[in-house]
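Thanks for coming. I will go through one structure today, starting with the whole chain and ending with a few strands.

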Amino acid sequence: MDIYESHSINKEEKELLLNYLGRDPSHTEIGIFSVMWSEHCSYKSSRHWLKKLHTKGKQVIQGPGENAGVVDIGDNQAIIFKMESHNHPSFIEPYQGAATGVGGIMRDVFTMGARPIALLNSIRFGEFTHPKTKFLLSGVVAGIGGYGNCVGIPTIAGETGFDSSYNGNNLVNAMCVGLATKDKIFYSKASGIGNPVVYVGAKTGRDGIHGATMASGEFDDESEKNRPTVQVGDPYAEKLLLEACLELMQKDAIISIQDMGAAGLTSSSVEMADKGKVGIELNLNNIPTRQQNLTAYEMMLSESQERMLMVLKPEKTEIAKEVFKKWGVDFAIVGKITETNNIVVSHNGIIEADIPIKFLTDNAPMYKRKKINKNKRNQKSQPIPSIKTKDAILKLLNSPNLCSKKWVWEQYDRTIMANTLNDAGRDGGIVRIENTEKAIAMSCDVNPRYCHADAKIGAMQAVAECWRNIISMGAKPLAITNCLNFGNPEKPEIMNDFVETIEGIRDASIVLDFPVVSGNVSLYNETNGVAIKNTPTIGGVGLIESIGVLDNFGPLNIGDSIYMIGKKGSHLSCSSLEEVCNGKSSINPPEIDLNQEKLNGTGVLELIQERIITSCHDISDGGMIVAICEMIMMDNRGAAINIVDDTKMIGELFGEDQSRYIITIPPERESIFEKKMKKLGVKYELIGCITSSQLKINDSIVISNNEIRDAYESLIPSIMNNRA
Amino acid sequence: MNVTIIRFPGTNCDLDTANAVKKVLGIEPKIISCKENKIPKSDLIIIPGGFSYGDYLRSGAIAAREPIMDDLELKGNQGVYIIGICNGFQILTERKLLPGSLLKNSSLKFISKNVELKITRNDTYFTSKYQTNEIVNIPIAHHDGNFFADQDTLDSIEANNQVAFRYLNPVNGSLNNIAGLYNKNLNILGLMPHPERAVDIRTGTKDGSRVFESALNFYST
């Protein structure tokens, strides 16, 4: 293997590199090219397609391309948010991989001037029976909690899923939401020839070298030897860095600022200079280091955590230094902005690298990879074996994907900051904006089963479900971020799914006015050639203008009527019921009519805002009956459900038809409700009423609250607490 | 009434605690850094929750040895009222201003949830607004909240009626379900639950407000 191959630079890319430079690169330069041209940093397989996403809207202040996306919430306030994957490191070393994933996404948000106010995550693992699942689940959950809890940001919502396709590649997607003052947002564009480039934060060590390259490759049985490429997190250092940065941001000293994430010092310096169309000079002798004798190569490629790079106003350098000294955080002037348009790196008086920046950014390789549409649709659905309705309900509630994830979220501090109005266990999370009447609702969603069956429908559904969850909390949906987790893009059928996913997200976000403002792509999620199911995770935020609408909203009142918004369920292909009963699912996911979605959702939001309904929950995985069970368990109530036509019972209870909600209404408001729905043209059905306890369907099926709770809550503890 | 909140590096409940004091008492508390030499004249000093010095070594161990703690100890001995919440409780036990210590939860996991607590007595500075034996609902969020003391110490805590709050149901392995306790003079309180996160019904519970109201009540009378 030659030095290029060992840096994951293929033959064509090697030719391109030599052609650009017109000379042989130094070892450090090869390192710089290898990380900047990695899939993780260059988006070389996805860049072309990502441009097709819908990214505009009057609520959008900053779309994709910065550290995070920014949306307007009025009163000179903005929400800054992004989601990012940390899949590869979390598989090799779950605790540190997940912890540093949380740390990285938090820095993306506070580097723009926002104080983080909430964390979310979407995590996926292999089957329960797989030998690594227990170890990975406990490590990832402890890592997410360990980092977020210590920095002091509530982790308020998320999803945990299981599927055999993640046996060899688990997914960790972390999202951070921050609050900023609209006219005090910081960007990464460097400017001002001669201005100082300043390094702040933790010292540089040898950890994480080549992390970005590792995250751009597939795994095999030897993957664990990559453990040294996983970074080690220090949430205490992050907390100090956060407070120091936010304090400096009040002092009009910063021209540009960028977190050192993947590819560390290399990508942060290159990206800042590239955005400003300037050059940058770094003297590595000034870099704070954890150990002696780090080489230029190691310093440029280290992914040590909790570090930032800034360009400062020269006259404010001393003020800045004082702030960091006060917080006990390292501060070092490590270079300056130049007019050369090159990155020049010197160490011990020797120029270790001198590369025109455009070769590392705009002119980096870009592939429009081959794609083949393997039409998987319209295959016959497997018949669902006859199963007693009661058994089916309990079986679904006791299945890995639908069961309670309390074991997971009880390890996350959800109440710190004292603004959490709604958290795990409901549709998503809500945090209040301090000193205002406003609140932000957020949710993370995707159904990999649908995405695997039909990439485009699955992607539309993920956006729609996120939208629906935010509506169910009484918020107006604003914008989304995403993490596109896929297998090897060099496989044409995976590339095809990727492109269809982009189209699905685009179509849904246009119709729902739910633009994409930030995101990340994680490819090569494969082990020994087996890819994960496509998993385009969507994270959304919405605005509640007045938290007064949430007073007395949520808890179920005995005697209230239960209605379903949308049409009666019947679609069982690709459903949870099918998967749980047959052990696998077929390939016809429910169609989604985006205009209907918008109509139904807008109607429901009005019902909440006008305080006509008393609770709301979206219908998704598992169909209407799972939604109702989740609602009654939350408040320890019961429900009496009436299905008129017994022969259609299974479809109505378990069908996963889209664009639907369960709502409850006090009987005296039913006529206002019906009038309103008719006026809007929204379909609805009376389903039953809330009772004091037990679930009753047509008097013939009775399930006690204990049976429901036991099925719903016992699965994960029984597996995780079993030390065998 | 002068309220002072001490912030260590890694403290993360300082702002929440200050907001709760403002909201409940209408008093602007003073937040000071642990690097100050002296604590200003205060009627109530609060050590809020967090991960002081990353909780490296042991929870609260490094913070307990900061020079400012000499002044805190002095003031505590003089009868100034002090509350340590969560990490603050750990710091107070590390400093031996309160007996016992806080071990890792018996589940070895972080636990974040609302718990039911029983008020042991209402004749103290911190609990006069509660009823004795009243059950209240306040969130916990900690990894090291498992109260432990040797048998003699535990016996003396009970004999002196120093327990302030008990978990109604076992939650983290604490001996005698102790969630919070006083020093012998009843002017220092340490507790694992977070009363500052329970001051507004919109966030789920308002049962923590009365810890602060009790203090003000005492001050006013």
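This is a predicted model: local features need pLDDT of at least 70, side-chain atom pairs count only at pLDDT 80 or more; totals for chains, interfaces and linings use all residues.

Residues are numbered from 1 along each chain as its sequence is written, while chains are lettered from A and ligands numbered from 1 in the order in which they are written.

Chain A has 24 helices and 28 strands. Those are DSSP runs numbered from the N terminus: H or I over at least four residues for helices, E over at least two for strands. The radius of gyration of chain A is 26 Å, close to the 27 Å from the globule rule for 724 residues, so the chain is as compact as a globular protein of that length. That radius is taken over C-alpha atoms, and the rule is 2.2 Å times the number of residues to the power 0.38.

How much of chain A is buried? Buried residues make up 60% of the 724. Buried here has a cut-off: 20 or more other C-beta atoms within 10 Å of the residue's own, with C-beta atoms placed from the backbone.

Now the contact between the chains. It takes 22 residues from chain A and 23 residues from chain B; two residues are in contact if their C-beta atoms, placed from the backbone, lie within 7 Å. On the side of chain A that touches chain B, α7(A) gives the most, with 4 residues.

Next, an open sheet of 6 strands in chain A, with mixed pairing and the order β14-β15-β16-β21-β17-β18. Strands pair if DSSP finds at least two bridges between them. The edge strands are β14 and β18 of chain A, each pairing on one side only. Strand β17(A), residues 476-485, pairs with β18(A) in the parallel sense over 6 bridges, and A:Thr481 stands opposite A:Ser518 in β18(A).

Last, strand β24(A), residues 638-641. Which strands does β24(A) pair with? With β26(A), residues 684-691, the pairing is antiparallel over 4 bridges, and A:Ala640 has A:Cys689 as its bridge partner. With β27(A), residues 695-697, the pairing is parallel over 3 bridges, and A:Ala639 stands opposite A:Leu695.

Technical notes
A residue is buried if 20 or more other C-beta atoms lie within 10 Å of its own, exposed if 12 or fewer, and partly exposed in between; C-beta atoms are placed from the backbone.
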